[in-house]
Amino acid sequence: MKKDDIFYNAMLARDPRFDGKFFIGVKTTGIYCRPICPAKPKRENVEFFSNHLAAEKAGYRPCLRCRPESAPQSPAWIGKSALVRRAIKMIDKIETLEFNEDQFAELFGVSARHLRRLFIEEVGKTPKQLSFENRLNLSRQLISETALPITEVAFAAGFNSIRRFNDAFKERFKKSPSEIRRKPVKNESTLSIRLAYRPPFDFNGLLHFYRSHAVGQLEWFEGGVMHRIVEVNGKVGQITLSDLPDESCVKLEIDFPDTTALHTIISRVRSLLDLDSDPVIIANVLETDKDMKALLKKHPGIRLPSSWDPFEVVVAAILGQVVSVERGRALVNDLIELAGSDSGLLRDGKSVRLFPTPAQVIKTDLKSLKTTTRRKETLVALSRALINGELSLEPTQDVDSFVEKILSIPGIGPWTASYMALKALRHTDAFPATDLIIARAIAEHPKTKFESFSPWRGYVAALLWREYSHVLKKTRRKK
């Protein structure tokens with residue numbers, strides 16, 4: 001069967017596993033849709049595109065019904081070069097509407113002119129145009145799914161001028177914001193947004209991990225719901241996450257005092273839950289091994305757990321060295337109480353403290369923290385390296401360079417560096433083979449060639465932790 005025929009059948013079935021992996025251009029209307037769109041155009045009237053940018057480059061405009069900008073993202077499918085792919089990931093994380101092309105290009109060691117040329121060749125748009133469209137896409141999602149006033153939507157998208165926002169919105173979507181508005185305007189403190197993913201999705205596995213690694217009083221769980229206190233640009237709020245499997249999306253409820261932080265919050269939640277992962281692609285590689293196929297069948301839709309902030313991961317990795325998960329979590333909690341600042345929020349009548357910043361770690365007297373002097377010195381050295389710009393936790397950087405730099409900090413060995421690359425940088429090929437549980441799991445599968453799972457070995461690590469962490473705990477209790 002030809003690839004286009006597979007795409008057409010997936011479109012007819014509205015198969016959510018293909019959501020974001022291709023788009024359908026409808027020749028008779030000039031719009032392009034997601035595979036889950038209810039529209040059913042005839043085969044001779046459609047053509048297929050590997051990403052939404054290719055569809056727009058061909059002259060199609062986004063469908064108002066299925067909203068292609070709401071599909072799970074797939075930066076890996078966009079652009080031919082690693083440089084463009086890294087840059088696109090970075091664009092998704094930019095927090096302001098203002099875009100300095102020279103400063104952006106410097107992040108990748110190239111000139112703005114060279115980066116623009118690469119983008120035009122591979123994507124059809126400049127980095128600045130792409131960043132601008134991301135903001136407009138966010139605004140349409142907020143208008144369609146929330147009761148937020150249009151003015152607040154414009155601010156959330158980074159616009160300071162309503163007239164400029166209205167003009168830009170109509171230019172992109174061919175309709176004004178008020179024409180797309182579905183819900184009556186209300187000044188509600190909590191916003192509810194749906195974030196799509198490709199099934200299967202192991203939401204329970206993620207919750208199990210985050211529950212067992214809960215960060216101080218900042219995270220708590222009620223049944224299948226996760227709550228988290230978050231801080232963005234000095235302001236504090238709360239998010240709530242729950243799974244809606246019948247709709248293949250996560251419900252994100254946001255209670256935050258500043259709507260301009262919405263883009264950052266949504267971006268971080270997508271990383272926190274690994275919502276842009278493609279389980280079919282990963283399964284195709286892992287299922288070449290009989291044992292991994294059996295594990296994947298037991299835990300379908302495995303995702304990479306991470307954290308709200310990468311600094312939380314690296315600190316937890318240092319404090320968790322050579323101690324149990326419970327002891328490591330207790331040490332993280334002690335550090336938060338010692339060095340973190342007051343969030344201004346209460347839980348069970350007690351003030352909740354925020355996770356400390358690198359600057360707060362350096363300024364704090366860590367004598368009362370019940371860990372080794374060596375680990376305290378490592379925490380301080382790491383924090384200082386981050387403040388001085390000698391080290392970055394930015395996920396788009398070169399991973400080998402990051403590992404080389406982090407290993408130069410006394411007290412950080414290969415396991416910790418590999419763990420940080422996996423959890424903080426979200427490098428899908430990182431594989432901490434010397435981890436206690438991973439090493440035990442490898443021994444259980446002597447015939448498995450783990451190097452053959454590249455570039456998805458990080459998901460293998462997540463799968464082994466998911467399967468064997470419980471077994472290891474039982475063994476310890478027995479001893």
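Select Lys21 and Phe18 first. Lys21 lies over the face of Phe18, 5.5 Å from the ring centre. Keep in mind that this model is predicted.

Now pick Arg43 and Tyr8. Here Arg43 sits over the face of Tyr8, and the distance to the ring centre is 5.8 Å.

Next come the ring pairs. The structure has 21 aromatic pairs. Show Phe22 and Phe48 as one of them. Where does each partner sit in the chain? Phe22 is in the loop between α1 (3-13) and β1 (23-26). Phe48 belongs to strand β3 (residues 46-49).

Move on to Phe450 and Phe453. Their ring centres lie 6.1 Å apart, with the planes at 80°. Over 60 degrees counts as edge-to-face, so this pair is edge-to-face. Both Phe450 and Phe453 are buried.

Then select Phe132, Phe159, Phe165, Phe169 and Phe173 together. Ring pairs join these five residues into a cluster.

Finish with helix α6, residues 127-145. How far does α6 reach from its first C-alpha to its last? The helix has 19 residues and spans 27 Å, close to the 27 Å expected at 1.5 Å a residue. Colour α6 by burial: the helix is mostly covered, with 16 of its 19 residues buried.

How values were computed:
Residues are numbered from 1 along each chain as its sequence is written. This is a predicted model: local features need pLDDT of at least 70, side-chain atom pairs count only at pLDDT 80 or more; totals for chains, interfaces and linings use all residues. Side-chain values use heavy atoms; hydrogens and water are left out. Helices (H or I, at least four residues) and strands (E, at least two) are DSSP runs, numbered from the N terminus. The expected span of a helix is 1.5 Å times one less than its number of residues. Buried means under 20% relative accessible area, exposed over 50%, partly exposed in between (1.4 Å probe, protein chains only). Rings of Phe, Tyr and Trp (its six-membered ring) pair if their centres lie within 6.5 Å; planes under 30 degrees apart count as stacked, over 60 as edge-to-face and the rest as tilted. A charge sits over a ring if NZ of Lys or CZ of Arg is within 6 Å of the ring centre and within 35 degrees of the ring normal.
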